[in-house]
Amino acid sequence: MVNQVNKGQQGSVYNTPQNKIEQQKTSQSQSTDAGSTANVKAATDSVSLTPQARQMKSLQEKAERSSGFDEQKVAELKKAIAEGKYQIDGEKLAKNIAAFEFDLYG
């Protein structure tokens, strides 16, 4: 009965060292074939940027080059404070602080 089940599949059912080597060669050649087709597909891929993406890139580069604050205005304020000419409006400052806290904490 065992002979009838395995009839026609002699040797392929058993994992002999020779069968293992043949299976490894087959799997390697299949993976190599898949890798070569992936390389062909990768070689034909391309990327194009939209005008908005190019604009965002240029804005990002401009922001990286800038110092992040208006140096001239800071210099003017420092000079006005040093000379005693800078006046603070207490009511306006209090309103701005209250508005900021309301926006922040609700």
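The accessible surface of the chain comes to about 10,200 Å², and carbon and sulfur atoms hold 55% of that area (Shrake-Rupley method with a 1.4 Å probe; for residues, only the protein chains shown count as cover). The model is predicted, so that local features need pLDDT of at least 70 and side-chain atom pairs count only at pLDDT 80 or more, while totals for chains, interfaces and linings use all residues. Residues are numbered from 1 along each chain as its sequence is written, and side-chain values use heavy atoms, with hydrogens and water left out.

**Overall architecture**

- The chain has five helices and zero strands, where helices (H or I, at least four residues) and strands (E, at least two) are DSSP runs numbered from the N terminus.
- Read from the N terminus, the order of elements is α-α-α-α-α.
- Of the 106 residues in the chain, 3% are buried (buried is under 20% relative accessible area, exposed over 50%, and partly exposed in between, with a 1.4 Å probe and protein chains only).

- Helix H5 covers residues 90-105, which is 16 residues, and spans 22 Å from its first C-alpha to its last, close to the expected 22 Å at 1.5 Å a residue (the expectation is 1.5 Å times one less than the number of residues).

**Nonpolar surface patch**

- A nonpolar patch on the surface is formed by Leu77, Ile81, Tyr86, Ile88, Leu93 and Ile97, with about 580 Å² of accessible area together.
- Helix H4 (71-83) and H5 are the elements that give two or more residues to this patch.
- Patch members have over 30% relative accessible area and no salt bridge; nonpolar side chains (Val, Leu, Ile, Met, Phe, Trp, Tyr) are joined within 5 Å, and like charges within 9 Å.
- Tyr86 is located in the loop between H4 and H5, and its relative accessibility of 42% makes Tyr86 partly exposed.

**Salt bridges**

- Two salt bridges are found in the whole structure, each defined as a side-chain nitrogen of Lys or Arg within 4 Å of a carboxyl oxygen of Asp or Glu.
- Lys57 and Glu61 form a salt bridge through their side chains at 4.0 Å, N to O.
- Because Lys57 and Glu61 are four residues apart in helix H3 (residues 51-65), about one helical turn separates them.
- Lys57 is partly exposed at 45% relative accessible area, and Glu61 is partly exposed at 35%.
- Glu83 and Lys85 form a salt bridge at 3.3 Å, N to O.
- Glu83 is partly exposed, with 42% relative accessible area, whereas Lys85 is exposed at 62%.
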